[in-house]
Protein chains: 2
Amino acid sequence: MSDRASQVQEKNDFEVTTLSNGESPAQRLSALLSADMAQVDSEIIARMQSDVPLIPKLAGYLISAGGKRIRPLLTLAATRLFDSETQRPYPLAAAVEFIHTATLLHDDVVDGSEERRGKAPANLVFGNQASVLVGDFLFSRAFQQMVGDGSLDVLRILSTASAVIAEGEVLQLSAQGNIDLTMDAYFKVIAAKTAALFEAACEIGPVITEQKASEIDALRRYGYHLGMAFQIADDVLDYNADRAKLGKAIGDDFREGKLTAPVILALQNASSEEKAFWKKTMQSLKQEEGDLARALDILNAHDSLNSGLAIAKDFANKAVQDLETCPDSALKTLMQELALYTVYRDA
Amino acid sequence: MSDRASQVQEKNDFEVTTLSNGESPAQRLSALLSADMAQVDSEIIARMQSDVPLIPKLAGYLISAGGKRIRPLLTLAATRLFDSETQRPYPLAAAVEFIHTATLLHDDVVDGSEERRGKAPANLVFGNQASVLVGDFLFSRAFQQMVGDGSLDVLRILSTASAVIAEGEVLQLSAQGNIDLTMDAYFKVIAAKTAALFEAACEIGPVITEQKASEIDALRRYGYHLGMAFQIADDVLDYNADRAKLGKAIGDDFREGKLTAPVILALQNASSEEKAFWKKTMQSLKQEEGDLARALDILNAHDSLNSGLAIAKDFANKAVQDLETCPDSALKTLMQELALYTVYRDA
């Protein structure tokens, strides 16, 4: 069993039983739902087509870029918990992935980041203009998919999530460089920009299979807690020096002045000298050679990465609890493991 | 009667009767539907609110920028043709305006243009990042409005229009600098990027008042033909030297290498020397002092602005015809005059 797996086992009541075979819960969930995922993939490919060649070219660049398709996978899983037959999740899972992809495209334009899943982001390859417009196309396609399904509940859930995501992104933009950002304000940002879509992706399952309100609520909360854990872990990973050793980019948030859990936590007990450092680098964005290394040193001195992971783990544990009342199944166990594992993934 | 009004009267079977009082048909339509428009305005203001202050600030900047709100006006008019009571068009007309505003916000980012309705565009005031994200917010809000109404037909019409608009914008981007663009290809671009939303805005009226298919089709076609006339006239205006004398910006399309009706028409009979000029300026975007003046001279030598307006007028006449089968009313007459006037507006 890997170190991480034993950490999970040690620090959680919930037992992770099958990490020993080397596959992550996300991979095992994909494997368990592989026939369904193949249908979703076909739907995605078919529906990103257009007579305008640049659209499938750009959309395909991003969609085929090795993404884990975790959100459509959640929609499938949340449906299959209750119904093993219905085909309704396929177009809706594709819609969820389209909304996510549109957000990525617009986010890349916004952040001017230099890496996305290890490839150059679409906006650097195809230009900002094309990225904005193809994002709009995918977003519209998502709504066409939902209209095709015909559920006003699903349309309500996903249009609300989309508005909340945009609000979260604007909130994040407004908070950029604000070194007085509190953890509560940070939670508000990530709840909107990330957890809202996880929440919606999961809620769709019990909605289209017509479960009772308590099941819908359970899956909604599971998605929310999973999304929070996922984003906090992601924000910690951005300062993970081990990742840098593997040749992956770190420090994106630092360079952009985007305050996230590790820095906010480190600021809570910062010396006046450290506070001046964060102010110079992240508020005024005056960054010099060696500043990122200095930032990592301060974060380590405050043990802020572990503190951040501990918070992520709390959210993951809540996600595990959220599913307790659902009927037991191999699928449910995997969904719970996925929540825990999300905190320990390394990419 | 103004020169333009007499031109309309002279060149069309349809008689424009009331231009003499100085008000445009759009203004008179707004006046006729002023109580309804006030409701739509309230809806727009209420629904662009958000806990994130930058959102209403940026949305308000654009929405209050003196726009004519022609699209929501069309939704109202197309509803009132058939039903004088229903309140259903209000949130939907607001949704149409939100989709239009989102498109403008993303278009400004894309084009980097320097003027929009005489004010600096939002992206120059608030930044590209905020413009993209607030556009996304308004787009999502539009869908929330439609979900609130609950008509899957309306959702289908507007999600399809949104996808088509995005396709049209990407198509325009792909065609940029292509001096071999045909009028047919140009029609395809503007049908998607402009006429699709006019079409949808009008189609909603007979749909929510449950008219028969022939009425729905008539209003849909009216919107399409009006949108085509509107965009072609707009593209001609961009080369109107009289407008430059009033201090308004012209030549945006020229500077961006965006081929539109006047240049495409002038290219059809271009000398090899003229063709080289268009190639240098609009394909290679190598533009020097005096090139715009030269472009205007060439367009005038070929009478391309008048040829463009004649094509716009053909579309406007078709829009007039489209409404012939609808019951007669002052409103219908105004909608027909609006179509004709669209070709002769000067801003």
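**Core.** I started with the largest nonpolar core, which has 225 residues. A core here is a set of buried Ala, Val, Leu, Ile, Met, Phe, Trp, Tyr and Cys residues joined through C-beta atoms within 7 Å. Buried is when 20 or more other C-beta atoms lie within 10 Å of a residue's own, exposed is 12 or fewer, and partly exposed is in between, with C-beta atoms placed from the backbone. The residues with the most contacts inside this core are A:A229 and B:A229.

**About the model.** I noted that this is a predicted model, where local features need pLDDT of at least 70 and side-chain atom pairs count only at pLDDT 80 or more, while totals for chains, interfaces and linings use all residues. Residues are numbered from 1 along each chain as its sequence is written, and chains are lettered from A and ligands numbered from 1 in the order in which they are written.

**Around B:A229.** Which residues does B:A229 touch, leaving aside its neighbours within four places in sequence? I found B:A312, B:F315, B:A316, B:A319, B:A339, B:T342 and B:V343. (Contact means that the C-beta atoms of two residues, placed from the backbone, lie within 7 Å.)

**Chain A overall.** I looked up 18 helices and zero strands in chain A; both are DSSP runs numbered from the N terminus, helices being H or I of at least four residues and strands E of at least two. Chain A has 347 residues, and 53% of them count as buried. Among its contacts with a separation of 6 or more, 75% are between residues 24 or more positions apart.

**Where they meet.** Why do I say the copies meet through the same surface? Because 100% of the interface residues of chain A are also interface residues in chain B.

A:E210 isn't a glycine, yet its phi is positive, near 55 degrees. I found A:E210 in the loop between α10 (183–208) and α11 (213–237) of chain A. Is A:E210 buried or exposed? A:E210 is exposed, with 11 other C-beta atoms within 10 Å.
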